[in-house]
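User: Please take a close look at the salt bridges here, and at one pair that ties the fold together. Then follow the strands around that pair.

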Amino acid sequence: MVHGEDRPGIVAAVSGLLSNHGANIVSLDQYSTDHSGGRFFQRTEFHLKGFAAQREQLEQELEETLRPLGMSWRLTEAQQLKRVAVFASKMDHCLLDLLWRERRGELGMTTTMVVSNHPDLAEEVRSFGVPFFHVPVTKENKPEAERKQVELVRDNVDVVVLARYMQILTGDFLDNVGVPVINIHHSFLPAFMGANPYLKAKERGVKLIGATAHYVTEDLDEGPIIEQDVERVSHADTVTDLVRKGADVERRVLARAVGWHCEDRVFRDGNSTVVFD
């Protein structure tokens with residue numbers, strides 16, 4: 001993954017270096033925010049026999065080649081699964097969907113733990129062979145609870161996923177956790193915030209429902225968006241129908257966002273993203 005201020009020669013520099021090492025480029029995606037002077041993003045996937053033995057030399061040459069061009073870069077091994085901690089509360093649809101997709105090999109991740117502020121989902125999670133940690137969170141103990149959560153995940157995971165975790169994470173948690181945090185929520189915000197959004201949506205006669213997956217920042221539900229999707233509904237749908245259809249779209253959107261992140265397909269660009277899907 002390469003990104004920085006756009007200029008001529010970046011693609012040629014990366015391709016030439018890989019060719020010199022005998023690498024076969026499998027895919028190459030690139031994007032610039034402007035034809036001249038924009039921000040440049042490139043994701044190159046390649047196969048290199050004996051990669052482990054050549055990695056150190058390859059990284060040194062990437063640094064020597066790309067730093068003079070003003071580029072930041074990152075080299076990852078596709079076979080190395082991302083370690084994920086999933087935070088959940090009582091709703092199980094997003095959590096169990098991620099665990100099921102992981103077990104089927106659909107996601108490039110390994111769930112190292114599930115952390116919940118309620119004990120309700122413990123048995124279902126453990127049936128997947130995943131450790132479950134119950135960390136109660138109240139208004140009075142929130143700082144202490146977040147410290148315990150940070151102790152559990154810090155240096156043990158590569159990303160935290162909020163699978164309908166019904167707590168607001170503080171700035172202290174985000175500063176100390178040390179990894180990206182991905183959240184999922186319905187796409188009624190800000191129209192139908194708070195409790196019973198699907199009831200409010202039914203009362204307003206909405207015709208589309210959806211979901212948004214994004215990186216978490218201190219600005220509530222305003223972090224860089226990774227993926228969104230919608231589904232058409234009608235006046236004939238009950239609130240129960242809306243909740244069911246909403247859960248379906250939430251599952252799909254979160255799975256795609258987590259999968260793309262784990263495959264290093266997402267670049268953060270300020271409060272936006274570039275996603276090579």
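Analyst: In this predicted model, the count of salt bridges comes to 20. One of them joins the side chains of Arg-39 and Asp-269, with an N to O distance of 2.7 Å. This pair links distant parts of the chain: Arg-39 lies in strand 3 and Asp-269 in strand 12, and the two are 230 residues apart. Side chains of opposite charge can pair when their charged atoms come close. The cut-off used for a salt bridge is 4 Å, from a side-chain nitrogen of Lys or Arg to a carboxyl oxygen of Asp or Glu.

Take the Arg-39 end. Strand 3 covers residues 39-47 and pairs with strand 2 in the antiparallel sense, over eight bridges. Within this pairing, Ser-32 stands opposite Phe-40 of strand 3. Both strands belong to an open sheet of four strands, ordered 2-3-1-4, with antiparallel pairing. Strand 2 (24-32) and strand 4 (71-73) are the edge strands, each pairing on one side only. On average, neighbouring strands of this sheet are turned by 15° against each other, direction ignored.

Now the Asp-269 end. Strand 12 spans residues 266-269 and strand 13 spans residues 272-275. They run antiparallel and are joined by four bridges. Phe-267 stands opposite Val-274 in strand 13. The two strands form a hairpin with two residues between them. Gly-270 sits in the turn and has a positive phi of about 65°.

Seven strands form an open sheet in the order 7-6-5-8-9-10-11, and its pairing is mixed. Its edge strands are strand 7 (132-134) and strand 11, and each pairs on one side only. Neighbouring strands in this sheet are turned by 20° against each other on average, direction ignored.

Asp-172, Asp-175, Glu-218, Asp-219 and Glu-222 form a negative surface patch. Patch residues have no salt bridge, by the rule used. One of the members, Asp-219, is placed in the loop between strand 10 (208-215) and strand 11 (225-232).

Note on methods:
Residues are numbered from 1 along each chain as its sequence is written. This is a predicted model: local features need pLDDT of at least 70, side-chain atom pairs count only at pLDDT 80 or more; totals for chains, interfaces and linings use all residues. Side-chain values use heavy atoms; hydrogens and water are left out. Patches are made of residues with over 30% relative accessible area and no salt bridge: like charges are joined within 9 Å, nonpolar side chains (Val, Leu, Ile, Met, Phe, Trp, Tyr) within 5 Å. Accessible areas come from the Shrake-Rupley method with a 1.4 Å probe; for residues, only the protein chains shown count as cover. Lys and Arg count as positive and Asp and Glu as negative; His and the chain ends are not counted. The place of a charge is taken as NZ of Lys, CZ of Arg, CG of Asp or CD of Glu. Two strands pair if DSSP finds at least two bridges between them. Axes are lines fitted to C-alpha atoms, for helices over the stretch in contact, and angles run from 0 to 180 degrees between N-to-C directions.
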